[in-house]
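Please keep the structure open as you read.

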Amino acid sequence: MLNEQSWRIFYLLLLSHTVFQCIARSTDLDLDLDKGRIFGRNPYIKLLNAPQTGRTIPCSKQAVIRLDFSGPFKRAHFQLYYGQEPRLWTFLLSNSPNAYGFGGNHKYTSNCASVQVFNKQLRIYSNVLSNYRTESIDGHTLMEVEDEIVGKNSTLTIDVRDEFVKWETRRKRIKESFIEDIQRPNEDRSKRKSSFLFTLSGQKAEFGPNENFLYAAFNRVPYGRFHNGSGLCRVKISFKRRQENGMCAKRLCHQDAVCKPVQKSFKCICRPGYVGNGQTSCQDFDECTANNGGCQQICHNLQGSYYCSCKDGYTLLPNGRSCTGKRKDSGLISKRVKVRFNVGECNIRSQEKELFIKELKRKLLRQEICVYPCKIHGSVLKCRSRLKKGGTSMVHANFELKLDQTRISTSKYCNYSCLRCQVEKRLQKFIADLRSLANHKNFSVSLRGQVYTMNGKSLRVPRVRNACTQGMRRKIKRLAGCMPGMYYDIFLLRCVNCSRGTYQPNASETFCYRCPGNMTTLYSGSKAAHQCRETVCGGNLTAMSGVIMSPNFPDAYPSDLDCTWTIFPSENRHILLLIPNISLHDTPNCSDYLIMREGASPYSVATYYACESFDQPVAFVSRSKNLHVKFRSRRIENMATGMAEGFKIFYVTFEKQYRYLVRNIVESGEMYANESNRRLLQDEKLVHEVLDVIVEPQRLQQVLPNYERDNKIPRSFRDFIERKVVDFLDYRPYRKRRSLEDTEE
């Protein structure tokens with residue numbers, strides 16, 4: 001009996017040891033985002049940000065991981081369990097570590113495909129390799145959207161590999177999506193294969209680093225915590241091993257090469273960052289030797305890759321290549337001024353020093369020496385008694401004149417260094433005007449019956465030798481013709497009116513002052529600060545068509561804006577929108593953004609989002625009946641990125657019966673792949689006619705002959721629209737005419 005019991009214990013221990021070894025060899029990683037726990041490990045999965053511990057909102061802990069596909073694993077499986085209602089960003093998978101959601105990554109790399117879950121919506125974005133617009137459904141990088149895909153107590157699985165993504169949800173939908181998805185022929189809507197998806201087999205980036213990594217973020221985005229969410233409670237990540245057949249299974253390629261099977265053979269290609277024949281040699285290629293690797297200042301070469309950095313005093317921008325100036329001065333440029341005041345008897349006490357400085361500021365403002373945005377800082381006063389009987393006492397004043405360069409507006413061709421020189425030049429003029437008044441004994445300060453007269457000869461300003469001071473001596477003849485309300489553009493070599501939102505009270509200047517806060521001017525060419533008014537934007541829109549513009553468009557928009565427009569279409573009508581281009585301040589935390597969604601709630605169905613500039617048109621149909629458009633801008637902290645003009649949105653409503661046709665037109669990559677079509681969508685003179693044809697197909701018979709006669713619209717676009725409309729309405733006369741034209745050609 002004892003022997004049998006011993007055998008049982010032995011087998012039990014052996015079974016436990018076997019199970020333990022299986023668990024230890026497991027390649028799965030399990031993240032508990034409710035309790036903040038981690039189970040399992042994989043050498044090809046690096047935990048960049050672990051879930052926090054402690055008490056927080058249920059299922060709101062965040063994590064970021066990096067998956068390495070350079071080893072034996074080429075497939076990844078994600079299982080996402082939602083124990084709470086999904087809120088905002090709960091999942092984002094991208095090639096780029098700078099991905100911040102909605103397909104953006106601050107232009108860090110061209111290999112930037114991504115999959116994200118935002119609220120209850122799944123959105124898939126392409127990279128920006130050549131010809132990526134051929135598979136776009138909005139003119140930019142959007143490839144797929146599916147509403148109501150997740151909810152409370154639902155599970156979403158996502159499988160990814162090179163140029164492929166597949167998703168499946170286990171959820172009973174409470175309501176259907178407002179906008180019916182177009183079922184493209186021979187296409188499964190639960191998977192997508194495209195050369196513009198994840199680049200994991202050595203596809204060369206057109207800009208940015210070449211990597212074999214995927215970055216996955218849970219309840220946040222990979223780039224930061226400024227875009228976060230909650231509701232995702234548990235995540236399981238599994239790697240699938242590479243399945244190699246034929247010649248590639250024999251490992252005949254170099255260790256830094258990728259084997260690609262071809263017909264009855266194979267081909268070895270060196271990974272990005274390496275050069276060679278792929279079989280016997282793959283040597284590191286120094287990317288810094290070609291155009292400095294695209295870096296603005298310093299390029300560092302690595303084995304198979306590279307990275308950029310900046311010189312001391314500069315900060316690397318989110319794109320990973322450009323640099324900006326110092327941020328610690330908050331845009332303030334100062335000049336230290338030392339001057340003496342003559343007075344009969346110096347009896348300024350410590351309590352009266354503040355009164356003296358206050359009176360000095362008021363006097364400078366009255367004489368228009370230091371007007372907004374000029375300020376006085378760091379004032380120090382010292383009395384010096386008279387040296388002999390009958391002599392005068394002196395007050396030594398030491399203060400700084402500071403000018404905020406974020407309040408200066410100049411030519412759009414003027415970069416950060418140019419703008420800084422303009423500000424320093426303005427400060428030099430302030431000091432010259434002050435010296436001129438003091439030399440003529442026209443500047444004095446009165447305090448408690450005493451008159452303090454400035455001694456012009458005593459005014460001292462420390463000299464600083466830099467690139468700005470060397471170019472200060474310029475001929476002023478060209479500036480003489482610039483009246484108040486104008487400035488001299490040093491690049492266009494002529495006088496230009498101050499744009500809306502700016503003013504210039506003086507003549508012969510090379511810049512204009514920006515209105516404070518979110519204030520703007522009604523017209524260009526303003527001459528005084530009192531012409532600045534509070535910016536009024538937003539409202540309810542009920543017209544069949546219209547335009548939404550950022551304040552001051554096409555001039556730079558003010559800071560501290562919070563504008564909201566709501567479009568209310570008529571019954572049984574949908575909304576089509578077109579944005580020819582958009583210009584926003586590129587900030588790391590997306591402080592300036594444009595978002596379109598169903599309502600004011602941030603958890604409502606989203607249609608569009610942007611927080612960086614795009615110079616190409618985008619067009620899309622609203623994913624909700626009413627559309628809430630919100631634009632927000634924050635205070636400008638650094639002018640190195642230049643000024644942003646904002647946007648102009650064209651919208652038009654159309655009948656519900658044409659929903660399939662309109663979406664089939666604007667969600668076709670053929671519409672955006674042709675450059676002439678994109679230029680047409682940016683032509684404000686023709687954009688209304690183009691939108692009318694798209695949303696009113698019954699007018700095709702009347703307008704198409706006019707377009708052919710006037711030749712305003714490119715032939716490629718006419719043929720594209722005609723083909724879509726004819727197929728939808730089944731216009732047999734047009735079908736017959738098209739077949740005859742094709743036969744003649």
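A cavity here is a set of points, on a 1 Å grid over the protein atoms alone, where a 1.4 Å probe fits but cannot get out; its lining residues have an atom within 4 Å of a point. Grid points are joined across faces, edges and corners, and a volume is the space filled by probe spheres set on the points. By this rule there are six cavities of 30 Å³ or more.

Two notes on the source before we go inside. Residues are numbered from 1 along each chain as its sequence is written. The model is predicted, with local features needing pLDDT of at least 70, side-chain atom pairs counting only at pLDDT 80 or more, and totals for chains, interfaces and linings using all residues, while side-chain values use heavy atoms, with hydrogens and water left out.

The largest cavity holds about 130 Å³ of space. Its lining has 16 residues, and F102, Y125, H140, Y608 and Y609 are the closest to its centre. The elements that contribute two or more lining residues are β7 (121-125) and β41 (606-610), and β41 gives the most, with three. Helices (H or I, at least four residues) and strands (E, at least two) are DSSP runs, numbered from the N terminus. By class, this lining has nine nonpolar, five polar and two charged residues. Ala, Val, Leu, Ile, Met, Phe, Trp, Tyr, Cys and Pro count as nonpolar, Asp, Glu, Lys and Arg as charged, and the others, Gly among them, as polar.

Where does the second largest cavity lie? Domain 1 (28-100 + 117-178 + 194-241) and domain 5 (535-731) both give residues to its lining, so it lies between them; the domain bounds come from an automatic or database domain assignment. This second largest cavity has about 110 Å³ of space. Among its 13 lining residues, L142, T607, F620, V621 and R623 lie nearest the centre. Its lining divides into seven nonpolar, one polar and five charged residues.

Now to the strands, where two strands pair if DSSP finds at least two bridges between them. Strand β37 (residues 561-567) is joined to β35 (residues 539-541) by three bridges in a parallel run, with L541 partnered by I567. β37 also pairs with β43 (residues 627-633), antiparallel and over seven bridges; there, C563 has F631 as its bridge partner. Five of the seven residues of β37 are buried, where buried means under 20% relative accessible area, exposed over 50% and partly exposed in between (1.4 Å probe, protein chains only).

The peptide bond from F553 to P554 is cis, with omega near 5°. Most residues other than glycine have a negative phi, and most peptide bonds are trans.

Two residues have a positive phi without being glycine. C59 has phi near 55° and sits in the loop between β3 (45-49) and β4 (63-68); at 2% relative accessibility, C59 counts as buried. E163, with a phi of about 60°, belongs to the loop between β9 (154-161) and β10 (164-170), and E163 is buried too, at 19%.

Finally, look at helix α10 (residues 715-729). At 1.5 Å a residue, its 15 residues should span 21 Å, and its end C-alpha atoms are 21 Å apart, which agrees; the expected span is 1.5 Å times one less than the number of residues. The buried residues of α10 include F717, F720, I721 and E722.

Notes. On a 1 Å grid over the protein atoms alone, a cavity is a set of points where a 1.4 Å probe fits but cannot get out, and a pocket is an open set with protein on both sides within 12 Å along at least five of seven lines; lining residues have an atom within 4 Å of a point.
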